[in-house]
Amino acid sequence: MSAVKDKTWFLREGLFAKYVVSLVGLVVFVLAVNGAMETWISYRGTRVALVEAMGEKADATARRIEQSIFELERQISWVTRASATAANLDRTLQQRRADYAQLLNQLAAVSQLTFISGGGRELLRMSRTQVVTDSNADFARDVRFIETNARGVTFAPVYFVGSRPFMSIAVSHSGVNAGVTLAEIDLRFLNDFLGEAQIGKVGYAYVVDARGQVLAGSKGPEVARELAKLPQVATLLKPDGVPLTSGTGYDGEAVLTAASAVPKLGWQVLFEQPTAQALAPIRDQLVRSALLIGLGLVVAILAGTVLARRMLIPITALRTGARRIGDGDFSHRIEVRTRDELEELSDQFNSMAGQLQETYAGLESKVEARTRDLARSINELKVLEEVGRAVASSLDLNAVLPTVAARALEITHADAVLIYGHDASKHQFNLTEAIGIDKAAGGKHLVIDEADSVLGEAAAQGEPIAIPDLAEAGENRLRDVVLEAGFHSVLVVPLVDQKGVLGSLVVLRKLAGEFSPDLIGLMKTFAHQSVLAMRNARLFSEVDAKGRELASAHSTVQQQAAKLQEQTDELKNWNRSLEERVEKQLGEIERIRRLERFLPPQVAQLIASSDGHDSLLDSHRREVTVVFCDLRGFTAFTETTEPEEAMNVLREYHAALGELIFRYEGTLDRYAGDGVMILFNAPIQFPDHVQRAVKMAVEMRDAIGALSQKWRNRGHSLGFGVGIALGYATLGQIGFEQRLEYAAIGSVTNLASRLCDEARAGQIVVSQRVFGMVEPWAEGRQLEDLTLKGFNHPILAVEILRWRDEGEVAAEAEAPRRRQQPV
């Protein structure tokens, strides 16, 4: 039963199956590769041949369609030979009607002919069913008419009537404005170019316009169907599109396609054949390849089975013999007589079995010795583990060093152990711990120089140094000390790590002898653990010291924090004071901003800088001098000139006046266009407010006079007039919160306005009272009494001629005194 199971497993998963599968796979692979290559080559050749053939048919069809359209154009051009004039218009229309009738009889594709005059009016429209004359339909804005007059011949885009495609061909008549013949072409004749003789039995063809609509087709999509979304059509409709050789048919199936353009019309002729039908020979070839692969598979299975069975018997014998040798039957020999590699393999198995039989006898003793060595190593590792736990259990360096020395003595079974610490600044090793030698007793062993000593050599090399017999060793500081103490062999293990040298561990024995390599390796591992413990202890000491320093620093920081808190409180108080001052200054800035709307900057700042002076803007009654001025002829000027030029004149005018108003510290009450009103003595009082007003008016007249000359050079005739009155008025703020103005209300403002109206260009007209106040400084001329609107009595007025300079005023004041002196 076991043999049957083994044989079944071998047939299923052994060499038999591998040989059969390998041979079958090789044969199938070769046949499959060959069939695939032949299929691919056939596929490429068939595809290219079909696409080229359809491309030739598409090119031929496109040329025939283009020739037919050009023939239609030539035939239509024939009927344009007659020229129309006013004299022979009726005769020409009759001739043209006869030509149209003849053309309709000759060309079935022409469905309608229309004659359009040079003015764009329809004079004749003729079809096979009706004739319309003198309809006078307007074609002047028709694109076909316009482009035909410009080009001579126009092919209009295709349009559909139901499912029938039509297009227009327009031909210009010879002569100037001779008119246009417009022919409507029924494109169903295109189907004649797509017959079965041109296409074949398995494919189909169709023609699309520049929008992707089907104009004609054979066994393909219906006419008027839009195919612009098909990939092969969409590519052709693009200006730089490259024709595809494969795409999607109108019914959604994959197709091979070829296309040719009718350039002048923007049409595309497409020939297509379903891919499944085009590649039917390739399917047949695939079936033949599959049958060939199947036949090769059967032959390969039979050949593989025969070859594999010939190898089955010797391999089974080898497998059975190897299993018996593996079970310990080294006396068994394998018998294979095939005179090939399998026989050599059986001989090697037999030779191996003989060698195993010979070596098996001494194997047990070797295993026992090795087991004892392993037990000893395990014990040493346990001791090393205990040492590691003991060393790592304390972070006090004074407690760690005695533990390290005691455990080293225990591991090595030595007579004494010394631990030296390394002083890097002095390049010395100092004795820090000892067992077996009194470390408190004086002697040369307490301090050993790093140079020329075995301790320094071991530290430099980073490896242990063993001296089995000190009597035969060279001269060194440690040799004499150890011999005097009665020791004859020494093992120096450096205590080093990546950070540097910590010291050395010295193991002493009284008997001379070698230190075993296992012991040296064990001590090296022990030294690494000891270094780690010593580093941890030192780090703990450093951290403890740093902790005490941090505690002291924390106390200092708390004291500094208290001082900072006090300083912070002071800064908060200073900040509140600063905020109050900033708020006060912002209030003053806001007051200045409001005052500067109607006061000169210096006056606004004066009011804002004085506490409590907002009351100056409250409503009150006061004597004021009012100046009113405007431009003569400004209304007529604005009616005849551009608004931009009027704005430029006003900008120059206001700039000249504004500078003088601020210089004489007047209050600008309002300005509307060219009219400007200025107050003096409000809200700030001036004892010489009348003199300020009159002198400012004289300088305004001079300044505007210079501007008038400039305006006159630009073609503008403008003059400047001023009216000044003195009297009491009610003053204060008017308006609303977002828009406040400082204004004066009273008859004095009306009087100044009326005096300004009476002033001619270049005149300054003032009331008699104003002139009385400035008579010593101003030269004037009395005017006739003025009857002003809004005033019941005539008004005495004076024209200010000029403002006297200070020398004249002083001379006139001195003259009366001289006349009064006695001669």
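## Exercises on a predicted model

Asparagine 681 is buried, at a relative accessible area of 7%. The structure is a predicted model.

**Exercise 1.** Trace the contacts of aspartate 142 and arginine 144 at helix 4.

*Solution.* 
- Step 1: Find the cap. Aspartate 142 caps the N-terminal end of helix 4 (residues 143-151). One of its side-chain oxygens lies 2.8 Å from the backbone nitrogen of arginine 144.
- Step 2: Turn to side chains. Aspartate 142 also forms a salt bridge with arginine 144, with the closest N and O atoms 3.1 Å apart.
- Step 3: Follow arginine 144 onward. Its side chain meets that of glutamate 184 in a salt bridge (3.3 Å, N to O). Arginine 144 lies in helix 4 and glutamate 184 in strand 7 (residues 180-186), so this pair ties together parts 40 residues apart in sequence.
- Step 4: Aspartate 142 is partly exposed at 21%. Arginine 144 is partly exposed at 22%. Glutamate 184 counts as buried at 9%.
- Step 5: Leave the helix. Just after helix 4, glycine 152 takes a positive phi of about 100°.

**Exercise 2.** Work out how glutamate 549 and lysine 546 are placed to pair.

*Solution.* 
- Step 1: Locate both. They lie in helix 13 (residues 517-595), three residues apart, about one turn of the helix.
- Step 2: An α-helix has 3.6 residues a turn, so residues three or four places apart point the same way.
- Step 3: Confirm the contact. The side chains of glutamate 549 and lysine 546 meet in a salt bridge (3.9 Å, N to O).
- Step 4: Check the setting. Glutamate 549 counts as partly exposed, at 49% relative accessibility.

**Exercise 3.** Identify the buried residues of helix 11 and what follows the helix.

*Solution.* 
- Step 1: List the residues. Val454, Leu455, Gly456, Ala458 and Ala459 are buried in helix 11 (residues 454-461).
- Step 2: Step past the end. Glycine 462 follows helix 11, and its phi is positive, near 75°.

Definitions and conventions: Residues numbered from 1 in each chain as written. Predicted model: local features only at pLDDT ≥ 70, side-chain atom pairs only at ≥ 80, totals over all residues. Heavy atoms only, no water. Polar contact = N/O pair within 3.5 Å; in protein donor to acceptor, adjacent residues only side chain to side chain. Helix = DSSP H or I, 4+ residues; strand = E, 2+ residues; numbered from the N terminus. Buried < 20%, exposed > 50% of the residue type's maximum accessible area, 1.4 Å probe, protein only. Salt bridge = Lys/Arg side-chain N within 4 Å of Asp/Glu carboxyl O.
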